[in-house]
Amino acid sequence: MGSKAAAKPGFAYSPAFAKSGITWDAARMDAWLQRPNALVPGTTMVFAGIASAKARADVLAYLQTLGKQ
Ligand code: HEM
C-alpha cells in the first residue's frame, strides 16, 4: 500500500500492468481485489477476485499492516 504498482525489482510484470500507472491506495486495491482484470485489462493475475466487500476489507486491513517496500 502506498507503493507504485509493478515497481518491485525482480518480478516479470505483464506489459498491461507495468504501464497501469497505479499507486496502491485503498480504493485501487479494493478494485484490484474485486476483479483484477477489470482494473487492469490484460493483467496476468489470474484471479477471479473476492466478491465479498467484507472479505476485501479484511485483506486490505492486513495489507495496510505490511511495510512499504
Ligand atoms: C487475495 C489474494 C491475492 C492478493 C491480495 C493479491 C495481491 C496482489 C497485488 C497487490 C499485486 C500487485 C503487486 C505489485 O504492484 O507489485 C499482485 C500482482 C499479481 N498477482 Fe496477485 N494477489 C492475490 C492472488 C493472486 C493469485 C491467486 C494469483 C495467481 C494464481 C496471483 C498472481 C499475480 C500476478 C501474476 C501478479 C502480477 C500481475 C501482472 O503483472 O499483470 N495473485 N497481486
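Reader: Where is A6 found relative to α1 (15–18)?

Author: A6 is found in the segment before α1 (15–18); helices here are DSSP runs of H or I with at least four residues, strands are E runs of at least two, and both are numbered from the N terminus. This is a predicted model, in which local features need pLDDT of at least 70 and side-chain atom pairs count only at pLDDT 80 or more, while totals for chains, interfaces and linings use all residues. Residues are numbered from 1 along each chain as its sequence is written.

Reader: Why is A6 called partly exposed?

Author: A residue is buried if 20 or more other C-beta atoms, placed from the backbone, lie within 10 Å of its own, exposed if 12 or fewer, and partly exposed in between. A6 has 18 C-beta neighbours inside 10 Å, so A6 counts as partly exposed.

Reader: What makes the phi of A6 worth a look?

Author: Phi of A6 is near 55°, a positive value in a residue other than glycine. Most residues other than glycine have a negative phi.

Reader: Why does V40 count as buried?

Author: V40 counts as buried because it has 23 C-beta neighbours inside 10 Å, and the cut-off is 20 or more. V40 lies in the loop between α3 (36–39) and α4 (53–64).

Reader: Which residues is V40 in contact with, leaving aside its neighbours within four places in sequence?

Author: They are A16, F17 and S20; two residues are in contact if their C-beta atoms, placed from the backbone, lie within 7 Å.

Reader: What makes up the largest nonpolar core?

Author: Five residues do: A5, F17, W32, L39 and V40. A nonpolar core is a set of buried Ala, Val, Leu, Ile, Met, Phe, Trp, Tyr and Cys residues joined through C-beta atoms within 7 Å.

Reader: How do you know that the protein chain is as compact as a globular protein of that length?

Author: Start with the helices: the protein chain has four helices and zero strands. Its radius of gyration is 12 Å, close to the 11 Å that the globule rule gives for 69 residues, so the chain is as compact as a globular protein of that length. The radius is taken over C-alpha atoms, and the rule is 2.2 Å times the number of residues to the power 0.38.

Reader: How much of the protein chain counts as buried?

Author: Of its 69 residues, 10% count as buried.
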